[in-house]
Amino acid sequence: MEINTAAFTTAAAQFYGEAVTLTHSTLTTLTGNNITFNDTLDGPQGLIVVDADVTTFVGAVGASVTAPGVTNTLASLDVTSANGTVFNGAKVYTSGAQSYASPVQVGDTTTFAGSDISFAQTLTG
């Protein structure tokens, strides 16, 4: 599935059940309530997630590469979730920054790699 927009806002949940590729020419912002990526997330641009509940990443982020810094890696990831962020994928790779404003929980062995990674609250797993 491709997301080719700069912004997408819903009052309800957003569930992405298949691999997602960000294809818009600029940063994409998703705003909703309980945003879930049930497969991989990738693309050359960055992603901002603003979630009124919990944001969940089940698959790898930056999945089309084996190491950070490659041009088709997700550029950046900025997540603000009212009730936390959950990662169940094996890796979170960005060529740029990663920022997590709420508590982050990892369910599997998760590797974070990018140029600047910040956790404003707890990281557990």
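Mentor: What follows begins with the chain as a whole and then turns to its paired aromatic rings.

The model is predicted, so local features need pLDDT of at least 70 and side-chain atom pairs count only at pLDDT 80 or more, while totals for chains, interfaces and linings use all residues. Residues are numbered from 1 along each chain as its sequence is written, and side-chain values use heavy atoms, with hydrogens and water left out.

The chain has 17 strands and zero helices, where strands (E, at least two residues) and helices (H or I, at least four) are DSSP runs, numbered from the N terminus. Its radius of gyration is 13 Å, close to the 14 Å that the globule rule gives for 125 residues, so the chain is as compact as a globular protein of that length; the radius is taken over C-alpha atoms, and the rule is 2.2 Å times the number of residues to the power 0.38. Buried residues make up 40% of the 125, buried being under 20% relative accessible area, exposed over 50% and partly exposed in between, with a 1.4 Å probe and protein chains only.

Now to the rings themselves. The chain holds eight aromatic pairs, a pair being two rings of Phe, Tyr or Trp (its six-membered ring) with centres within 6.5 Å, called stacked if the planes are under 30 degrees apart, edge-to-face if over 60 and tilted otherwise. In one of these pairs, phenylalanine 57 and phenylalanine 87 have ring centres 4.8 Å apart and planes at 10°, so the pair is stacked. Because phenylalanine 57 lies in strand β9 (residues 55–57) and phenylalanine 87 in strand β11 (residues 85–87), this pair ties together parts that are 30 residues apart in sequence. Phenylalanine 57 counts as buried, at 1% relative accessibility, and phenylalanine 87 is buried with a relative accessible area of 1%.

Tyrosine 100 and phenylalanine 112 form an edge-to-face pair, with 5.9 Å from centre to centre and 70° between the planes. That pair links distant parts of the chain, since tyrosine 100 belongs to strand β13 (residues 97–100) and phenylalanine 112 to strand β15 (residues 111–113), twelve residues apart. Tyrosine 100 is buried, its relative accessible area being 1%.
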